[in-house]
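Student: Could you walk me through this structure with me asking as we go? I'd like to start with the overall fold and then get to the side chains.

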Amino acid sequence: HAPGFDEAESDAAGEFRMDRTDDSAPQAGRNADFYVAFLYNTVLLTREEEGRLFWRMNFCKFRAGQLAKRLDPQRATDAQVRRVELLARAALEIRDRLVESNLRLVTSQARRFADSTGLPMDELISEGHVALLNAVDKFDHSRGNKFSTYATTAIHHQMVACLHRVRRDGERMSYQQGEMLDAETGDDRSVESQAYVAEVGKLLGSMIGRLDERERYIVQSRFGISSGKELKTIKSIAEDFGVTKQRVQQLQVRALNKLREMVTDVGIYDADGGVA
């Protein structure tokens, strides 16, 4: 709700169209990918335009909610239902416009995080999109604050949370794999069980070849699967690749998840009936 909603006389209150183009904006290079070209072609909003669009979007949602509450499911006419749907659709279209005009905030934050953490740009951009959508929904323009400031903070927090999640998952996976490597070798498994484990080892060795080059190197270096070389630490692998330890941990998690999916697909089970 915002001032003026209750006094509005029609559903068209605050209707705003912006047909201008931003001729002063730099143009994308000829070899730019689709996403970059799209960003360059998106017209940035002035603060006044942005405020008017936020007012109109929230008004459409407010009016649609009011009308929906008054609908009688047994007696509602097609015209009444269509009126609610049109208002809801108008709100979504304006929301898309607001999101598109602020996508450059996402890419600038993603580039900064990628350079400092080693996380992939596409993952950071995806996280940033989520944060931007939530920011558009939650922003209260009536307070007079700049949306870009609010959105940048939300995007930053989302990417920090992503970084913490990747590190936490990497540490958890490293711990679990360390427990596996430290497990006793002199157990009382049956000859049949040992033969089964050997067969699974061969199968896993063949699956390693289906990983990409970096993932295969990390798995072989960390766990010695299909490799007779001495096991390496995360730090030494990071030095080999010239990346951060966090990046190596992320690639390790991705590789192990791929192997886990392959194992599930071929139906390998351990002695207790669980997935190996």
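Predicted model: local features only at pLDDT ≥ 70, side-chain atom pairs only at ≥ 80, totals over all residues.

Student: Let's look at helix packing, then. At what angle do the axes of H2 and H3 cross?

Tutor: The axes of helix H2, residues 47-70, and of H3 cross at roughly 155 degrees and come within 8 Å. With the angle over 145 degrees, H2 is therefore roughly antiparallel to H3, and H2 passes H3 in a left-handed crossing.

Student: Which residues make that contact?

Tutor: On the H2 side they include Leu53, Phe54, Met57, Cys60 and Leu67, and on the H3 side they include Val84, Leu87, Ile94, Arg95 and Leu98. The residues of this contact of H2 with H3 divide into 14 nonpolar, no polar and seven charged.

Student: How do H3 and H5 pack, by angle and axis distance?

Tutor: H3 and H5 pack at an angle of about 125 degrees, and their axes are 10 Å apart. The two helices are therefore oblique to each other, and H3 passes H5 in a right-handed crossing. The contact is made by Arg95, Leu98 and Val99 of H3 together with Leu132, Leu133, Val136 and Asp137 of H5, and the residues of this contact of H3 with H5 divide into five nonpolar, no polar and two charged.

Student: Arg95 keeps turning up. What does Arg95 touch?

Tutor: Leaving out residues up to four places away in sequence, Arg95 touches Met57, Leu133, Val136 and Asp137. Arg95 itself lies in helix H3, and although Met57 is 38 residues away from Arg95 in sequence, their C-alpha atoms are 6.8 Å apart in space.

Student: What does Arg95 form with Asp137, and how far apart are the closest N and O atoms?

Tutor: Arg95 forms a salt bridge with Asp137, in which the closest N and O atoms are 2.9 Å apart. Arg95 lies in helix H3, residues 78-100, and Asp137 in helix H5, residues 121-138, so the pair ties together parts that are 42 residues apart in sequence. Asp137 counts as partly exposed because its relative accessibility is 35%.

Student: How many salt bridges does a search of the whole structure find?

Tutor: A search of the whole structure finds five salt bridges. One of those is between the side chains of Glu127 and Arg165, with an N to O distance of 2.6 Å. Glu127 lies in helix H5 and Arg165 in helix H6, residues 147-181, so this pair ties together parts that are 38 residues apart in sequence.

Student: Which residue does Glu215 meet in a salt bridge?

Tutor: The side chain of Glu215 meets that of Arg254 in a salt bridge, at 2.8 Å from N to O. The pair links distant parts of the chain, with Glu215 in helix H8, residues 213-223, and Arg254 in helix H10, residues 245-266, 39 residues apart. Glu215 counts as buried at 0% relative accessibility, whereas Arg254 counts as partly exposed at 35%. Salt bridges that share partners also join Asp212, Glu215 and Arg254 into one network.

Student: Switching topic, where does Ala238 lie, and what does Ala238 touch?

Tutor: Ala238 lies in helix H9, residues 234-241, and counts as buried at 4% relative accessibility. Not counting residues up to four places away in sequence, Ala238 touches Val243, Thr244, Lys245 and Val248. The C-alpha atoms of Ala238 and Val248 are separated by 6.0 Å, with the two residues 10 apart along the chain.

Methods. Residues numbered from 1 in each chain as written. Heavy atoms only, no water. Salt bridge = Lys/Arg side-chain N within 4 Å of Asp/Glu carboxyl O. Helix = DSSP H or I, 4+ residues; strand = E, 2+ residues; numbered from the N terminus. Buried < 20%, exposed > 50% of the residue type's maximum accessible area, 1.4 Å probe, protein only. Axes fitted to C-alpha atoms, helices over the stretch in contact; angles between N-to-C directions. Parallel < 35°, antiparallel > 145°, perpendicular 65-115°, else oblique. Left-handed = near helix turned anticlockwise from the far one by under 90°. Contact = heavy atoms within 4.5 Å. Nonpolar A, V, L, I, M, F, W, Y, C, P; charged D, E, K, R; others polar.
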